[in-house]
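Notebook, opened at the model.

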Amino acid sequence: MLFVSTRGQTGKVSAAHAIKEGLAGDGGLFVPQSFPYFSLETILGMHALPYEQFAAKILSYFLTDYTADELTECAAAAYAAGKFGPDPAPLRKVGERTDVLELWHGPTMAFKDIALQILPHLMTKAQEKTGSDTRIVILAATSGDTGKAALEGFEDVPGTEIIVFYPENGVSPVQKLQMVTQPGKNTKVFGIRGNFDDAQRGVKDIFSDESLENELKDCGWVFSSANSINWGRLAPQITYYFKAYADAVASERIKPGERIIFAVPTGNFGDILAGYYAKKMGLPVKQFICASNSNNVLTDFVNTGVYDKNRVLNKTVSPSMDILVSSNLERLLFDLTENDAAQVAAWMKQLNTVGKYQVSKDVAEQVRELFFAAWIDEQETVDAIGRVHNDFEYLIDPHTAVAWRAAEKYRLLSGDDSYIVVLSTASPFKFCKTVLEGIGKAAGLNENDPFEAAHRLAEETESTVPAQVTALESMPILHKDVIAAEEMAQYIKKTLEIIK
Ligand SMILES: *Cc1c(COP(=O)(O)O)cnc(C)c1O
């Protein structure tokens, strides 16, 4: 399988190459030239496989330059029970016709672990395969969860350095603590004065800065990305859509072949795009619910065909979705235009210059057929947490609540009682304050002490504080730098000891 750029200005490359580079040289994203198609029988048959074998099997269709043994080895290292518990993606029965896919059982309590635990293994193998003796610098801009999950995945991986940038005031206290206490000889974390988009734009600019690239190359370094623009990050996410379906059939929640709906809390459009690819590969999906918070660029896009990032970025209780530019949408547009790279490149250029573009009528119609989009405000999010806890004795985090509420809106508007799987992307213990507000137990909480909130949440819900949170209480703060977005390149060079 070879990979092409969504902007069409680079040659075809192997999976190893695409994973090592992250972003294509023309600024586009790598996509596979074609997609495999699975019969229903094959999909249901995968139910019997342990998660790591399931994952290795899906990856084997895209990463054809990796041997089956290599993929099994990568997946086994990534999805060990010590890291994820017995099942990395359990499907919980919650409502009458609405269940929840819990994707946060990994080391950092966010769904991003599922991709970022395996990416470093895929990347070091890619280095071997491309015969490269350069060292990799991973750069990640994070709205909270990517940063920690990437740090955790790459910590002390030989031949790599990882540098993470987060918006200083745009992440939750637990998220921030998780990052600034990150150990590892090859890890570095910077706060950015600005929002997530400032951090993401900074990273993108650095990736397209040729003189910086050459300067690094001379010192034996090459950039790569752990953001969901990397194919090695996106592909592992396809697995859990198939698994959720196979599990729902096995537990007789649905009939074999029944078309279902996935509700996805969406930011950079990576998670939901993996679902779209699963559908393209034969999974019986009726529609995707694209759920946003008040940063509702995608809701408007689905409803009007106009993508317009010219608006103020709101800070919300679901910070991992506080995004105005959803990078992976570019891959969807490439697919829906039947790989019209020139068209995609033109839209992306407009996005860069005037901050908006309008897709063709045909593409807009396809988007509306595939996706139902809704955005959820702060109060609705908090209320949904309380209602789900009340009605089902089940605790969800604010991101999951956004998707849950969007699914409710879909049912109200459409009258459709199709089976819905809500993707749960973070543990409620990552966002204790908001969850406590949701269940009506936040009175008198000390805003600045994340641990007080965690202990109270555990008490009120008769659960235990996850070990990942209690461990933070005694970890020293190792990363204190806060810098301006314009200073990112300079601090990268300092970290790599290229300049003093
Ligand atoms: C990253 C993240 C999302 C958004 O996922 P995308 O792939 O960026 O759309 C949603 N919820 C949580 C908790 C996240 O960490």
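This is a predicted model: local features need pLDDT of at least 70, side-chain atom pairs count only at pLDDT 80 or more; totals for chains, interfaces and linings use all residues.

I take helices (H or I, at least four residues) and strands (E, at least two) as DSSP runs, numbered from the N terminus. Residues count from 1 along each chain as its sequence is written, and side-chain values use heavy atoms, without hydrogens and water.

Entry 1, the site. I looked up Lys 112 and found it in helix H6 (residues 112-116). The unreviewed UniProt entry lists "modified residue: N6-(pyridoxal phosphate)lysine" there; such annotations may be inferred rather than shown by experiment. Is Lys 112 buried or exposed? Lys 112 is buried because its relative accessibility is 9%, and buried means under 20% relative accessible area (1.4 Å probe, protein chains only). Leaving out residues up to four places away in sequence, I find Lys 112 in contact with Asp 145, Thr 146, Ala 149 and Arg 233 (heavy atoms within 4.5 Å).

Entry 2, the sheet. I traced six strands in an open, mixed sheet, ordered E3-E4-E14-E9-E10-E13. Pairing takes at least two DSSP bridges between two strands. Strand E4 (residues 98-102) runs parallel to strand E14 (residues 420-424), with five bridges between them. Glu 102 has Ser 424 as its bridge partner in E14.

How values were computed
Buried means under 20% relative accessible area, exposed over 50%, partly exposed in between (1.4 Å probe, protein chains only).
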